[in-house]
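Thanks for coming. I have one structure to go through today, so please bring it up on your screens.

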Amino acid sequence: MRWYVSIGAVLVAGMLASGDVAGVAAPGPGTQPGHRVAEKESSPSVDIELIIAVDVSYSMDMDELAIQREGYAQAIVSKDFLQALKAGPNGKISITYFEWAASNDQKVIIPWRVIDGPESADAVSAEIMKTPVRRASRTSISGAIYFAIPMFDENPHRGLRRVIDISGDGPNNNGTPITPARDAALDKGIVINGLPIMVKEPSYSTMDIENLDYYYEDCVIGGPGSFVVTIKDREKFKEAIRTKLLLEVAGRTPERPVVRTADKEPRVSCTIGEKIWQDRWGR
């Protein structure tokens, strides 16, 4: 199933209800190194392993990039986020944050960190903000997904859920097509959620498209309870980011879902970005 949510559709009180899955105690400090992989497989110690993958392509202006960075940093230390964190079975999450553009351009800003309360949340938030904002060429959502998949194997903490959280303001136009990358993640039990950014009118110069939210719903996201939170108002950029993180941490699906079935044709071609690039540059 794939889901859609508009900004403000989430009731925080509902998200803070107790989870349905009981956590299992994490391995103790005396665990032998040879047992670490097995322990990770059998003993979830965090509620979610969350990868935040952030678009820094040139179609994003510097103001948008700054607001996006601030949005994640502020959401992580917000009262609502910390309440949702504590409502989980384990009361903590594991998180990593990277920026992406072309298929070979991904930069890890925050390696895997555990957030279990205000102190660790403050540290992650500060680390996000201290890294200089950058921009880069091309848009490879598929490259971001392929980069993210093996990162879960590098995380020493196993979660009850594994989620890739992708934000972007345009379709895939570089690297492999998007759908094989999405399917590769889904085959490993990974959920992909999306944050399509639609605060500007589509432009030929930036290769934006109309109905980017449909593209994300039909071509990018997937997995049980997957959803998008669409940003159509620059003033609500940070609110949207906070909404999406609250949903992910609380393990909730949004209200007013639109269910998409696998046998239904996408409303927007999943290769539209590649076609636009080909038409414009002839390669």
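**The disulfide and its surroundings**

I will begin with C270, which counts as buried because its relative accessibility is 13%. For anyone used to another threshold, buried here means under 20% relative accessible area. Before I go further, note that this is a predicted model.

What is C270 bonded to? A disulfide joins C270 to C219, with an S to S distance of 2.0 Å. The torsion about the S-S bond is -85 degrees, and the link of C219 and C270 is left-handed. The two cysteines sit in distant parts of the chain, 51 residues apart: C219 is in helix α9, residues 212–220, while C270 is in the loop between α10 and α11. As for C219, its relative accessibility is 0%, so C219 counts as buried too.

Next, I272, which is placed in helix α11. Leaving aside residues up to four places away in sequence, I272 touches P171, I209 and Y215. Take Y215 from that set: I272 and Y215 are 57 residues apart in sequence, and their C-alpha atoms are 9.0 Å apart in space.

Now some numbers for the chain as a whole. The chain has 283 residues, and buried residues make up 51% of them. Its secondary structure comes to eleven helices and seven strands. If you take the contacts with a separation of 6 or more, 82% of them are between residues 24 or more positions apart.

On to a helix pair. Two packed helices are described by the angle between their axes and the distance between the axes. The pair I picked is α3, residues 62–76, and α5, residues 118–130; their axes come within 8 Å and cross at roughly 170 degrees. That angle makes α3 roughly antiparallel to α5. Which residues make the contact? From α3 they are R69, E70, A73, Q74 and I76, and from α5 they are A121, V124, S125, I128 and M129. By class, the residues of this contact divide into six nonpolar, two polar and two charged.

Helix α4 covers residues 79–86, and its buried residues are F81, L82, A84 and L85. Seen down the axis of α4, these buried residues fall within an arc of 160 degrees, so they line one face of the helix. What is on the face turned away from the buried side? There α4 carries the exposed residues K79 and K86. The buried residues of α4 are covered by elements that include the strands β2, β3 and β4 and the helices α3, α5 and α10.

Last, two backbone points for anyone checking torsions. R138 has a positive phi, near 70 degrees, and is a residue other than glycine. Its place is in the loop between α5 and α6. N211 is not a glycine either, and its phi is positive at about 55 degrees. N211 lies in the loop between β6 and α9, and α9 is the helix that holds C219. At 36% relative accessibility, N211 counts as partly exposed.

That is what I have; I will take comments now.

Key: Residues are numbered from 1 along each chain as its sequence is written. This is a predicted model: local features need pLDDT of at least 70, side-chain atom pairs count only at pLDDT 80 or more; totals for chains, interfaces and linings use all residues. Side-chain values use heavy atoms; hydrogens and water are left out. Axes are lines fitted to C-alpha atoms, for helices over the stretch in contact, and angles run from 0 to 180 degrees between N-to-C directions. Helices (H or I, at least four residues) and strands (E, at least two) are DSSP runs, numbered from the N terminus. Angles under 35 degrees count as roughly parallel, over 145 as roughly antiparallel, 65 to 115 as roughly perpendicular and the rest as oblique. Contact means heavy atoms within 4.5 Å. Ala, Val, Leu, Ile, Met, Phe, Trp, Tyr, Cys and Pro count as nonpolar, Asp, Glu, Lys and Arg as charged, and the others, Gly among them, as polar. Buried means under 20% relative accessible area, exposed over 50%, partly exposed in between (1.4 Å probe, protein chains only). The arc is that of the directions from the helix axis to the C-beta atoms. A disulfide is a pair of cysteine sulfur atoms within 2.5 Å.
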